[in-house]
Amino acid sequence: MTSLDLFQDQPRTSWIEALDDGAVVLRAFVHAQEAVLLREVAAITAVSPFRNLTTPGGLRMSVAMTNCGELGWVSDRSGYRYDAVDPLTQQRWPALPASFNELAMRAAAAAGYDAFHPEACLINRYEPGTRLSLHRDQDEEDASAPIVSVSVGAAATFLWGGLRRSDRTQRVRLESGDVVVWGGTSRFVYHGVAPLKESVHPLTGAERINLTFRRVRQRAVPYISTH
């Protein structure tokens, strides 16, 4: 066993790292749940497989994705949108697992956003060399709800920018088990993921799985961060 293997076998300690106003990184927040989350992902993708979507401009996205929950985020030449039906299977998306819902609510609360109830979970699969260009999540009606983003598998470099695409970006290393939560004044910050570097994780190999939880429809009571 190498020294790297020994390091990866050690449990990580959780702590909260401030990222921006209304945005935090919950370090190692789900480190102990990685295997459970991956089993849920396998069950979901057996019903609604990973696929590479097309942008409205006709470009093929490098990151493969699928969804679970009441709504799923999709993209094609007609635009970006949420839909209750998987266009690949013509069936409703798989239900949001109870473990996913509990995780999203617990992470949001830890970041100061109480009573978060996600309606959609985007599941992205990154392979070495794939990336996510700078963008902001703006297809949701409820802009008061936070975004909860969970990393499992290979480490990645998260790009955190500003309210303009041209703003300078921070490079934040995300390890397996880390969770990023942002909302409030940071809700529409541009963000992305740098090209995934070659690495090996005990559970996913060279791949990284990202779960992004979102509230889509308007809620009567807005979310207010206590942090």
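Keep in mind throughout that the model is predicted.

**Helix α3**

Step back and select residues 98-110, which make up α3. The helix has 13 residues, and at 1.5 Å a residue they should span 18 Å. Check the C-alpha atoms at its ends: they are 18 Å apart, which agrees.

Now colour the buried residues of α3: S99, F100, L103, A104, A107 and A108. Look down the helix axis. These buried residues fall within an arc of 155 degrees, so they line one face of α3. An α-helix has 3.6 residues a turn, so residues three or four places apart point the same way.

The search of the whole structure finds five aromatic pairs. Show F100 and F213 for one of them. Is this pair stacked or edge-to-face? It is edge-to-face, with 90 degrees between the planes and 5.9 Å centre to centre. The pair links distant parts of the chain: F100 lies in helix α3 and F213 in strand β15 (residues 208-214), 113 residues apart. Both F100 and F213 are buried.

**From β11 to β13**

Next, select F158 and W182. Their ring centres are 6.0 Å apart and their planes stand at 40 degrees, so this pair is tilted. Here too, distant parts of the chain are linked: F158 is in strand β11, W182 is in strand β13 (residues 179-182), and 24 residues separate them. F158 is buried, as is W182.

**The open sheet**

Stay on β11, residues 156-160. Five bridges join β11 to β12, and the two run antiparallel. Find V172 in β12; F158 stands opposite.

Widen the view to the open sheet of four strands, in the order β9-β14-β11-β12, with antiparallel pairing. Which strands stand at the edges? They are β9 (132-135) and β12 (170-174). Each has a single partner strand, so one side of each is left without a neighbour in the sheet. From one strand to the next, the twist averages 20 degrees.

**Two cysteines**

Finish at C68 and C121. The whole-structure search finds zero disulfides. C68 is in no disulfide; the nearest cysteine sulfur, that of C121, is 4.2 Å away. The cut-off for a disulfide is within 2.5 Å. C121, likewise, is in no disulfide. Are these cysteines buried or exposed? C68 is buried, with a relative accessible area of 0%. C121 is buried, with a relative accessible area of 0%.

Conventions
Residues are numbered from 1 along each chain as its sequence is written. This is a predicted model: local features need pLDDT of at least 70, side-chain atom pairs count only at pLDDT 80 or more; totals for chains, interfaces and linings use all residues. Side-chain values use heavy atoms; hydrogens and water are left out. Two strands pair if DSSP finds at least two bridges between them. Axes are lines fitted to C-alpha atoms, for helices over the stretch in contact, and angles run from 0 to 180 degrees between N-to-C directions. The expected span of a helix is 1.5 Å times one less than its number of residues. Buried means under 20% relative accessible area, exposed over 50%, partly exposed in between (1.4 Å probe, protein chains only). The arc is that of the directions from the helix axis to the C-beta atoms. Rings of Phe, Tyr and Trp (its six-membered ring) pair if their centres lie within 6.5 Å; planes under 30 degrees apart count as stacked, over 60 as edge-to-face and the rest as tilted.
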